[in-house]
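This briefing is for a reader meeting the structure for the first time.

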Amino acid sequence: MSEYRIQGNTGEWEVVIGLEVHAQITSESKLFSGSSTGFGAEPNSHVSLVDAAMPGMLPVPNRECLRQAVRTGMAINAQINRWSRFDRKNYFYADLPQGYQISQLYHPIVGEGEIEVTLNEKDPDSPTKKIGIERIHVEQDAGKLMHDQHPTMSFVDLNRSGVALMEIVSRPDISSPQEAGAYLKKLRSILRYVGSCDGNMEQGSMRADVNVSVRKPGGELGTRTETKNVNSIRFMMQAIEYEAQRQVDLIEGGGAVVQETRLFDPNKMETRSMRSKEDAHDYRYFPDPDLLPVELDDAFLEECLASLPELPDAKRARYEALGLTAYNAAVLTAEAETAFWFEDLLAEGVDAKQASNWLMSELFGALNKLGKVLDESPVNPKQAAELLGLVANGTISGSIAKQVFEIMLETGQGASAIVEEKGLKQTNDTGAIEAEIAKIMAANEDKVTEYRSGKDKLFGFFVGQTMKAMQGKANPQIINDLLKKALG
Amino acid sequence: MTDFSRLRVAAIRDGVASGEFKAVEVAEALNTRVAAAKALNAFVVETPEMAVAAAQAVDADRAAGKPLGKMAGVPIGMKDLFCTEGVQTTAASHMLEGFVPTYESTVSANLWKAGAGMLGKLNLDQFAMGSSNETSYFGNVISPWRRNDGGNAALAPGGSSGGSSSAIAARLCPAATGTDTGGSIRQPAAFVGISGIKPTYGRCSRWGVVAFASSLDQAGPMARDVRDCAIMLEAMAGFDPKDSTSLDLPVPAWEAGLNSDLKGKRIGIPREYRLDGIDEDITKMWDNGIAWLKDAGAEIVDISLPHTKYALPAYYIIAPAEASSNLARYDGVRFGLRDLPEGAGLQDMYAATRAAGFGEEVRRRIMIGTYVLSAGFYDAYYTQAQKVRALIARDFDNAWASCDLILAPTAPSAAFGLGEKNADPLSMYLNDVFAVPASLAGLPAMSVPGGLDKQGLPLGLQIIGKALDEQAVLNAGLAIEQRSGFTAEAGEWW
């Protein structure tokens, strides 16, 4: 794909990137307890005895969380491990009530898979690249410390404690910030299609740990650093750029990269050391003796597979087969919401090309102006289909449709009602049109002469004048026919 | 007038059901005995009003003609490792001193549902770590037994369920709950001349039991005879969806199934359990046990459990490893002790809290567990110990080809004096040598009285059965009980 190189004093450097993405699994309750996973609740209002790690409490796996991980694995053509196991990752911190995180180190539920990314999703000619996925495992989230509630103490909110996360670990196959961005976008799109994660990075539903190292092109792998908890695609790309450059400068300045954990500061646009390898925890992983191994049977796997929706790549191919341009198909499938909107229009009987053109020009334009996203559109697919139906059956022209759509956006009225009320129905009255054509030709004799002497371009002028005289309500096809006859 | 302290579980249940006496009479009589036995230090907390309330409820049910539960009217002691709603639960630690759960463990809830009442919370080794009840933050439990040498040396009631064993042997309660991780029901039962069974791992829910080593911890009953153990185990056991390792199986009618005719049963005698230099009283008792089972119709076969000698070292890696992680939650943040020195940060608080809250033995095991799980040592210790554990389990599987049950001593000695062994952790750990293999394999195992040694102290015989075959274990126990003529009791010196 792209040749991303850092120009150093000693020549070119290549960047090697691997991403560990933590995605919150969409589920009603937590991974090992019945508490709600709802976002934004009062601190410590979604905490069960298990989440608070009270004495004698035991975890019970939430099958739905495992199901979502398996479905996600299937969506990236990954190996699904019928036998997996939970391990304890032991460390002390105030946001970790058990004193260990239940995770999967030795036997993850999902094994190797891959995701195909294109550098520019909207450009059908953009080259593609397959990024390997090493594994997806399921684990508990920790709680949250609040340092601003008391002058000398920190408070703990355990609402997130025990919420299910998938950790999606890529191979170090990514070689530029752009590729990393494309990968994260594609992954996010797949998760949203599958419904296993809402992909909401602002709310922390998705965050990435970014492993970066640099090397001379084709050389030995360099020492990597891990920048933790980056919570937007833009920040991730900036963090990679900064970190790769920092490593090159460091090495060329005679230093060495230290294997360490770093943090990205989006205000200063730089990464900072958090803890070095020497301070690294010894997590003392071992199989969680409170839990049995997870064994998946055929019926479970079949249900997971059957419940998978059509995924973006397959959808894009199908849209192209419907006659959409590659560009339109790519744009419409990039986000699940857009594709579902488009398909709702088709379900209402709208022609595929008409639907895609209208969505991409009219609807996107209008939403852009209103500063709204698709979910907040004042017009729903059913209402839009009514409008497009009026165009398709010749009741109104395309230009009138634009006016009607604007009124719909403002008033919420239905398209037919607006057309009726404002008298915008297109006319097929050839007599009336012929009368107007006659007047226009009489008033523009010079242009008639020019046209007849070969200036074909003036035809558009006559169409425009006629349409104007008909207040836009004449059927454009009939105007064309009548004008051609009259002008000879 | 009936001396209620002499009645066992079945007799109390039947007497209450028939109307011979009221449950409240039993509860009050035992409350009085508990209150008068402070010298034994068997209870951490006494709950006489709860025993009476439960008894009143049973009496009212009977008066109303309602059906009565399996343990109706039986007051029991509850090992203070089971969380009890509204009643302090300490695991005999300073860490949890004053901790009052808002929830009830599944096993204790099952017992209350069956009509049992609670006399109080029983002392134990701290976090169930110990074999003599000397690690309790609330002081040693004293065994009611004395040697026949005329001296009055205080003896260990065994551990970790030492409060349970002492209270039953002193007739403060007819039965009590125990938990067994590496012998903590069987060894104390043997030390005081009572019966106790650790069922198959997964029979009793671990939910609400303060965890020591999750893959080994298993609750079970302790009582004065085999029938009582069968009754109480029926009330305690059962599938619990809140414990992922709980067995989803119906609870057999063990009491109804009791049958001491052992015709057709083959009893394995493991040659590896014949340790060099073992007390001849132990050997003699074992031989008696063999004769009794033969008399009951069983066939005796020699068997080999070749990996037995690795069981104890493996146990003392696996149990501390799990404990080091299970006890991480006692950090001073949310409940229990918090020691926050002036100006301390989070790490200082952890260190101070855990240093103050855990006793020496608990700290030792946390250290061992942390060490064996740490990077670079994990494979050499933990992985290796798990392999040994699998081999131990395979030893038993192979043995079942030639026998149905295994008979062995419960412990290598009778009760020792308090303070005699606690200077040397290794000699203390050796006391679990016969108990630990069945724990590692998750098998049901029981201790029943097998006789007295030269010093007049009780010795226990251990019966190990196949997974889920508690019935055969109980039946063999009954056969021994019927033939051993064990009626010895501790003199009431307290």
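**Cavities**

By class, six nonpolar, five polar and three charged residues make up the lining of the largest cavity. The model described here is predicted.

- The lining of the largest cavity comes to 14 residues, and those nearest its centre are A:Asp51, A:Gln98, A:Gln140, A:Ser161 and A:Gly162.
- The volume of the largest cavity is about 100 Å³.
- The structure has eight cavities of 30 Å³ or more.

**Helix 11 of chain B**

- Helix 11 of chain B covers residues 360–373, and its 14 residues should span 20 Å at 1.5 Å a residue; the end C-alpha atoms are 20 Å apart, which agrees.
- Its buried residues are B:Glu361, B:Val362, B:Arg365, B:Ile366, B:Gly369, B:Val372 and B:Leu373.
- Seen down the axis of helix 11, these buried residues fall within an arc of 135°, so they line one face of the helix.
- The exposed residues B:Glu360 and B:Met367 sit on the face turned away from the buried side of helix 11.
- The cover over the buried residues of helix 11 includes strand 15 (286–287) of chain A, along with helix 9 (311–326), helix 10 (346–357), helix 12 (379–399) and helix 13 (425–430) of chain B.

**A:Leu19**

- A:Leu19 belongs to strand 2 (residues 11–24) of chain A.
- A:Leu19 counts as buried because its relative accessibility is 0%.
- Beyond its neighbours within four places in sequence, A:Leu19 is in contact with residues including A:Ile168, A:Val169, A:Tyr183, A:Asp209 and A:Met236.
- A:Ser29 is ten residues from A:Leu19 in sequence, and the two are 27 Å apart in space, C-alpha to C-alpha.

Notes: Residues numbered from 1 in each chain as written. Chains lettered and ligands numbered in written order. Predicted model: local features only at pLDDT ≥ 70, side-chain atom pairs only at ≥ 80, totals over all residues. Heavy atoms only, no water. Helix = DSSP H or I, 4+ residues; strand = E, 2+ residues; numbered from the N terminus. Expected span 1.5 Å × (residues − 1). Buried < 20%, exposed > 50% of the residue type's maximum accessible area, 1.4 Å probe, protein only. Arc of directions from axis to C-beta. Contact = heavy atoms within 4.5 Å. 1 Å grid on protein atoms, 1.4 Å probe; cavity = no way out; pocket = protein on both sides within 12 Å on 5 of 7 lines; lining within 4 Å. Points joined across faces, edges and corners; volume = space filled by probe spheres on them. Nonpolar A, V, L, I, M, F, W, Y, C, P; charged D, E, K, R; others polar.
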